[in-house]
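User: I have a model open and want to go through the ligand site. Can you take me through it?

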Amino acid sequence: MQRAERFPGASVLLLLLLLAARVVTAFEPISVGIAIGAVSALTGYLSYKDVYCRFAECCREEQPLNASALKLDLEEKLFGQHVATEVILKALTGFRNNKSPKKPLTLSLHGWAGTGKNFVSQIVAENLHRKGLKSNFVHLFVSTLHFPHEQKIKLYQDQLQKWIRGNVSACANSVFIFDEMDKLHPGIIDAIKPFLDYYEQVDGVSYRKAIFIFLSNAGGDLITKTALDFWRAGRKREDIQLKDLEPVLSVGVFNNKHSGLWHSGLIDRNLIDYFIPFLPLEYRHVKMCVRAEMKARGSAVDEDVVTRVADEMTFFPKDEKIYSDKGCKTVQSRLDFH
Ligand SMILES: Nc1ncnc2c1ncn2[C@@H]1O[C@H](COP(=O)(O)OP(=O)(O)OP(=O)(O)O)[C@@H](O)[C@H]1O
Ligand SMILES: [Mg+2]
């Protein structure tokens, strides 16, 4: 669309035709096709697809990821998660720059409540598909909501496999987010497993450009313990690196026989590409969340309110009171009372 912007006359014409076409959209698809064709022909330099994708959401597999936009989003919006920011950026840019990945990208996000796992998934989704979580190419599953009954596991498995297959056939770079992964029945994980593997195709469909994101609290306590050890040793939070957390996670989550993730064999088979730890949030991060929420509501930032909301949150461990019990999770509702 950049080319049209350099030529104002064409932009105006394009806009008028687009508006006309939008009115027509409500009536009849053939007219829409003609209108779009006319727009393309008249402007001379916009493809049918370019114009069509202004109306409907398109799966643009060839479109590269705007890595600097994602970086900026993460740096500006996500507080206190330097390890997660770095790994997510690396994982997504590497994957999307690879023209022929050998398997779909699988990310497993771990951490304490309210530390930004769903929030990051939303940012990632928006950077991959314009409409983010509302996109037809982004699918969010919540274990307790979508797969609540153990006796229906067979049905869920069947439905989920059909859903993934249908959606990846329609858009190769579909995104599937599984929330509450630690509460997901191992049978459901088994149903996803074939799609995550190094197959060129499964029943004629290639899953290699899809992205799977798993969210869980598993290992959150161990990540917190590591952060606390750093704090007690007088070391900076920003000095915590992935290599400080990986061994902790692998012992606590992946070698833990009570963990659903272990049972599913996802780890043994190396099907998860990146384990992404989320650190517990401190008082200063909670304050940042309050400020961000105020700005999002269009109000001026009032530091007295910021302090009051942050002071209402509860912090642990008992003696030091460093980390917020619920991260930033209740900030929004608490702000309603001020
Ligand atoms: N690190 C963060 N930076 C900025 N905002 C955050 C952060 N963590 C949480 N928030 C805010 O708090 C809200 C709740 O966080 P989110 O739902 O992402 O937590 P979660 O990690 O998924 O927690 P849970 O494990 O309980 O599901 C977000 O919508 C966001 O507004
Ligand atoms: Mg969550």
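**Ligand site**

Analyst: A polar side-chain atom of N217 lies 2.8 Å from an oxygen atom of ligand 1, a polar contact being a pair of N or O atoms within 3.5 Å, where within protein one must be able to donate a hydrogen and the other to accept it, and residues adjacent in sequence count only if both atoms are side-chain atoms. The protein covers 84% of the 630 Å² of accessible area that ligand 1 has on its own (Shrake-Rupley method, 1.4 Å probe; for residues, only the protein chains shown count as cover).

User: What should I know about the model and numbering?

Analyst: This is a predicted model: local features need pLDDT of at least 70, side-chain atom pairs count only at pLDDT 80 or more, and totals for chains, interfaces and linings use all residues. Residues are numbered from 1 along each chain as its sequence is written, chains are lettered from A and ligands numbered from 1 in the order written, and side-chain values use heavy atoms, with hydrogens and water left out.

User: How far is the polar side-chain atom of N118 from an oxygen atom of ligand 1?

Analyst: That distance is 2.7 Å for N118. For G116, a backbone N or O atom lies 3.1 Å from an oxygen atom of ligand 1.

User: New topic. Where's the cis peptide bond?

Analyst: Between F316 and P317, with omega about -5°.

User: Which non-glycine residues have positive phi?

Analyst: E180 has phi of about 55°, and D203 has phi near 45°.
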